[in-house]
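I am opening a notebook on a structure I have not looked at before. I will go through the sheets, then the helices beside them, then the ligands.

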Amino acid sequence: MKFHVLTLFPEMVENAVHTSITGRALKNGTLSLHTVNIRDFSDNKHMRVDDYPYGGGAGMVMQPEPVFQAWKSVACPDHAGRGKKPRCIYLTPQGIVLNQTMVEEFAMEEELILLCGHYEGIDERVLEEVVTDYVSIGDYVLTGGELAACVFIDAVSRFVPGVLSNEESSQFESMQDHLLEYPHYTRPEAWHDRKVPEVLLQGDHRKIQAWRQEQSVERTRQRRPDLLEKNRQATAAFFSPTGGTRRAVEIFTEFLTQNPRYLDLGRRKLRKEKWKFSSGDFLVAAAPVYGGQLPDIQEPLFSNLHGEKTPCVIMAAYGNRHYDDTLAQMQYRLEEQGFICIGAIAPVIPHIYSDILGKGRPDEKDIRIIRKFAVEIKKRLETGEQYGFTSVKVPGNPLPAPKQMKPVEKSFDRARCTKCQVCVQRCPVNAISQETLQIREDRCLNCMSCVKVCKAGARGYDCSQVADYLEKNYSVPKEIQFF
Ligand SMILES: Cc1cc2nc3c(=O)[nH]c(=O)nc-3n(C[C@H](O)[C@H](O)[C@H](O)COP(=O)(O)O)c2cc1C
Ligand code: SF4
Ligand code: SF4
């Protein structure tokens, strides 16, 4: 990631950023810092860049032209062969106060320009022309923007892959999920008559996790109760007979929160239970696309989830053909049951009927898009908490006519079968007889979970005709769409 800093005091920024962790990242090339002295663009022999304010008053104002030329030297569209101007952030107490979601969003840019003001500020006209984001680091005034730029660079850099030696550390620290971090201890075990909490010495990882979570909540309650109000329990309710949707929903949910709860709706028992969500919760609902719609099961998918104006995100994972009406159908169903769909995404996953369609998806590029979507959702949650949640618009028919799909030809080699019953238990719709192990075609979804879970290789299927058709028509990889 590259930071360009437009400043009258480059050494101030250079010294700070070349120190400690950001310094190491500059050395190993993960970060790059380019300071530009605005004074170099002065058009007078005294190298002045400020002048008296029109209308009178105290202090001096930075003139527009030197700032503009400094900006142009890095932001010109043809600069370094770029087509797009990088975002230009003006650090000012008049900006939006920086928070962790904004930091994470800025970290997804390849380049950023930071503009540091001095004196009474910068001529408004050049700000209007070059600035894309006004950012404050808190409700107080500094003598110039340089220290604010350093704070900004430090916070953003922590989200740039490779800057922190252990990538996880950027995820487990204060401010994720609007919770403060739990207390830390190191040797010695006793110090000034204070002992390290017993649970940390026993080596029971689950107990340690539970203790840390409890401490996090308690500490936030005491020190930052305002944050605790924003903390939501996120539940990802998914249907995924062969695991593709599950992988996509896990990637998304883990970008969103450290503490997700997963609800596998492929398990018949969990579908029979009623799950209630309050307005302070958050739901992610995910399903694969079957014939352009939600899988058609007896008790409709998600009908056991009930919200109370609960914000939710819907995910329709598909095998590179299309998701057609699935998102619209999901939105309609969930909003009827008290949820507000604030976002929707259609990731591509491997198609169970083809070895080519969706192979290796979500790949690295997809993961970047999913992350971008997760940051967007964090922003929508923050805005929604202030102004109320709004429902997203998605394409498709919310009430499509049920589609009849031709069953896939399946084989069963009794000689190989060990009668382990795994396929019976894992069939999401109870379509396999416990006694005979035969498939009841009237119930079967053709999801192929039974084939995938059979370790003995007793089950198989032949979908070569469908695969030929799909591969002929839908082999070009589709890009993930989100709304
Ligand atoms: C019966 C059936 C119908 C499907 N229809 C579509 C479809 O219309 N469009 C599409 O892109 N993928 C389709 N797929 C592929 C799935 O969306 C998905 O890629 C695959 O089933 C894996 O989901 P899972 O691993 O989460 O179970 C279909 C799969 C099945 C089993
Ligand atoms: S019997 Fe049908 S529905 Fe059940 S796991 Fe097998 S393919 Fe899926
Ligand atoms: S999973 Fe395979 S081995 Fe086990 S009962 Fe089913 S068909 Fe037989």
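In what order do the strands of the open sheet of 6 strands run, and what is the pairing? Keeping in mind that the model is predicted, I looked this up and found the order β11-β10-β13-β15-β16-β19, with mixed pairing. I noted that β11 (261–264) and β19 (481–482) are at the edges and have a single partner strand each, so each of them has one side without a neighbour in the sheet.

For A237 I looked up the bridge partner in β11, which is L263.

Next I turned to the helices on this sheet. Helix α9 (residues 244–256) lies across β10, β13 (282–288) and β15 (310–317), and I read its direction as about 155° to β13. Helix α11 (residues 326–336) also packs on the sheet, where it touches β13, β15 and β16 (339–346), and its direction makes about 165° with that of β16.

My next entry concerns another open sheet, in which 5 strands follow the order β2-β1-β6-β5-β7 with parallel pairing. Here β2 and β7 (133–136) stand at the edges with a single partner strand each, so one side of each has no neighbour in the sheet. On average, and with direction ignored, neighbouring strands of this sheet are turned by 30° against each other. Strand β5 (residues 87–97) runs parallel to β7 and is joined to it by 5 bridges, and I found D133 in β7 as the bridge partner of I89.

Which residues of helix α1 (residues 10–17) are buried? I found P10, V13 and V17, and they lie on the same side of α1 because the arc they cover around the axis is only 75°. The buried residues of α1 pack against β1 (2–7), α2 (20–27), β2 (32–37) and α6 (146–157), while α1 itself lies across β1 and β2 and runs at about 165° to β2.

Last, I looked at the ligands. Around ligand 1 I noted 24 residues, with T242, G244, T245, G319 and R321 the closest, and its shell divides into 10 nonpolar, 13 polar and 1 charged. Ligand 2 has 13 residues around it, of which C427, C444, C447, S449 and C450 come nearest, and its shell holds 11 nonpolar, 2 polar and no charged residues. For ligand 3, C417, C420, C423, C454 and A456 come nearest among 13 residues, and the shell has 9 nonpolar, 2 polar and 2 charged residues.

Methods:
Residues numbered from 1 in each chain as written. Chains lettered and ligands numbered in written order. Predicted model: local features only at pLDDT ≥ 70, side-chain atom pairs only at ≥ 80, totals over all residues. Buried ≥ 20, exposed ≤ 12 C-beta atoms within 10 Å, placed from the backbone. Helix = DSSP H or I, 4+ residues; strand = E, 2+ residues; numbered from the N terminus. Arc of directions from axis to C-beta. Contact = placed C-beta atoms within 7 Å. Near = placed C-beta within 6 Å. Nonpolar A, V, L, I, M, F, W, Y, C, P; charged D, E, K, R; others polar. Pairing = 2+ DSSP bridges. Axes fitted to C-alpha atoms, helices over the stretch in contact; angles between N-to-C directions.
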